[in-house]
Amino acid sequence: MADTVKGQRQVIEIWEPTFRMKPRDDEKFIPQEVEKVIKAVMDEKLAKAKYDDNKCKAMAMDLCSEIKAKVQELNIPRYKLVLQSVIGEVKGQGAYIASRCLWDTETDNYASYSCKNSSLFCVLMVFGLYLE
């Protein structure tokens, strides 16, 4: 089954039931591996970036897209990836970033990384949610 979105074909993946309620040990979401990916991309993209409120939304979307693609290359099967990023201007203020989620503590996990330069700060979280 496929839908058309703005002239492009959207592929809808249909999973057959496997009745597997938990991932195998070699198929788990490992936060340390994902955090390495996040760190590499963020350090490369944001090391010399300047804060511009007109460009921050696009910058956050680009970061999420690139990191999601690289995390998918880790081949972690049956996990849905959800990314959240926050970019803000550094003006000597403090900031707390929090997130809440209802999940299975045995299978689901997350990785996060934050970086800061003289102009901006960025916090990015990747949530891995197991698809039963």
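**Entry 1**

I began with R78, which sits in the loop between α2 and β3; helices (H or I, at least four residues) and strands (E, at least two) are DSSP runs, numbered from the N terminus. Before going on, I noted that this is a predicted model, where local features need pLDDT of at least 70, side-chain atom pairs count only at pLDDT 80 or more, and totals for chains, interfaces and linings use all residues. Residues are numbered from 1 along each chain as its sequence is written, and side-chain values use heavy atoms, with hydrogens and water left out.

R78 is not a glycine, yet has a positive phi of about 65°. Most residues other than glycine have a negative phi. I looked up its burial: R78 is buried, with a relative accessible area of 8%. Here buried means under 20% relative accessible area, exposed over 50%, and partly exposed in between (1.4 Å probe, protein chains only).

N75 lies in the loop between α2 and β3 and has a positive phi of about 55°, although it is not a glycine. Is N75 buried or exposed? N75 counts as exposed, because its relative accessibility is 63%.

**Entry 1: the whole chain**

I stepped back and found two helices and five strands, in the order β-β-α-α-β-β-β along the sequence. The C-alpha atoms fill a box of roughly 50 × 40 × 25 Å, taken along the principal axes. Of the 132 residues in the chain, 33% are buried. I also checked contacts (heavy atoms within 4.5 Å): among those with a separation of 6 or more, 76% join residues 24 or more positions apart.

**Entry 2: strand β5**

Next I followed β5, residues 120–130, where 11 of its 11 residues are buried. In a regular strand the side chains alternate between the two faces of the sheet. Both faces of β5 are covered: one side includes L120, C122 and L124, and the other includes F121, V123 and M125.

For pairing, DSSP must find at least two bridges between two strands. β3 and β5 run antiparallel and are joined by 11 bridges, with L83 opposite V126 in β5. β4 and β5 also run antiparallel, through eight bridges, and Y113 stands opposite L124 in β5. A hairpin of three residues connects β4 to β5.

**Entry 3: the core**

Which residues have the most contacts inside the largest nonpolar core? They are I38, M42 and L46, in a core of 27 residues. Such a core is a set of buried Ala, Val, Leu, Ile, Met, Phe, Trp, Tyr and Cys residues joined through side-chain atoms within 4.5 Å. α1 (31–46), α2 (56–72), β3, β4 and β5 each supply at least two residues, and α2 gives the most, with seven. Leaving aside neighbours within four places in sequence, L46 is in contact with residues including M59, L63 and C122.

**Entry 4: a buried aspartate**

Last, I looked at D108, in the loop between β3 (79–89) and β4 (109–116).

The side chain of D108 does reach the backbone nitrogen of Y130 at 2.8 Å. Not counting residues up to four places away in sequence, D108 touches W103, G128, L129 and Y130.

Methods: Polar contact = N/O pair within 3.5 Å; in protein donor to acceptor, adjacent residues only side chain to side chain.
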